[in-house]
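Colleague: I'm new to reading protein models. Could you walk me through this one?

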Amino acid sequence: FDGMLAESTQRFERGLIVEAAGPFRLFIRLVPDEGCLRHEHVGTRIHGVPVPKFLGPSVSGLVCPGEDEESWTLKVRIFQVWFGTICSYEGAMRAE
């Protein structure tokens, strides 16, 4: 994020990825999509309180295999119905 530190943690819970960043929790379902994994955002909570979909963000992502077994590509878009695209990013990743 061009110098901005953005930290989150992820865990797997009841068939969903739960990504935590500060008071926010995003609930994401992984769906196979032509050799890739599509991330479907299914819910948001702030301080444990569910956020109605029309108020919260919508996060979509696609993770695909990279050039070798230790790399992958990533595309993410964070959208809100009233504000449009809040953030998007994409790129190649490599395991260390």
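Colleague: Let's start with burial: what percentage of the 96 residues in the protein do buried residues make up?

Modeller: Keep in mind that this is a predicted model. Buried residues make up 23% of the 96.

Colleague: How far should I trust the coordinates, then? What pLDDT does the protein average?

Modeller: The general idea is that where pLDDT is low, the predicted coordinates should not be read in detail. Here the protein averages 91, and 98% of the residues score at least 70. Strand β5 (residues 49-50) has the highest confidence, at 96, while β8 has the lowest, at a mean of 92.

Colleague: How many helices and strands does the protein have?

Modeller: Zero helices and eight strands. Reading along the sequence, you get β-β-β-β-β-β-β-β.

Colleague: Next, the inside. Which residues make up the largest nonpolar core?

Modeller: In soluble globular proteins, nonpolar side chains tend to be buried together. In this case the largest nonpolar core has six residues: I17, L26, I28, V59, L74 and V76. The elements giving two or more residues to this core are β3 (24-33) and β7 (71-80). Take V59: leaving out residues up to four places away in sequence, V59 touches L26, H39, H41, V76, R77 and I78.

Colleague: And on the outside, is F83 buried or exposed?

Modeller: F83 counts as exposed because its relative accessibility is 66%, and exposed means over 50%. You'll find F83 in the loop between β7 and β8 (84-94). Together with F54, L55, V81, W82 and I86, F83 forms a nonpolar surface patch with about 720 Å² of accessible area.

Methods:
Residues are numbered from 1 along each chain as its sequence is written. This is a predicted model: local features need pLDDT of at least 70, side-chain atom pairs count only at pLDDT 80 or more; totals for chains, interfaces and linings use all residues. Side-chain values use heavy atoms; hydrogens and water are left out. A nonpolar core is a set of buried Ala, Val, Leu, Ile, Met, Phe, Trp, Tyr and Cys residues joined through side-chain atoms within 4.5 Å. Buried means under 20% relative accessible area, exposed over 50%, partly exposed in between (1.4 Å probe, protein chains only). Helices (H or I, at least four residues) and strands (E, at least two) are DSSP runs, numbered from the N terminus. Contact means heavy atoms within 4.5 Å. Patches are made of residues with over 30% relative accessible area and no salt bridge: like charges are joined within 9 Å, nonpolar side chains (Val, Leu, Ile, Met, Phe, Trp, Tyr) within 5 Å. Accessible areas come from the Shrake-Rupley method with a 1.4 Å probe; for residues, only the protein chains shown count as cover. A salt bridge is a side-chain nitrogen of Lys or Arg within 4 Å of a carboxyl oxygen of Asp or Glu. pLDDT is the predictor's confidence in each residue, from 0 to 100.
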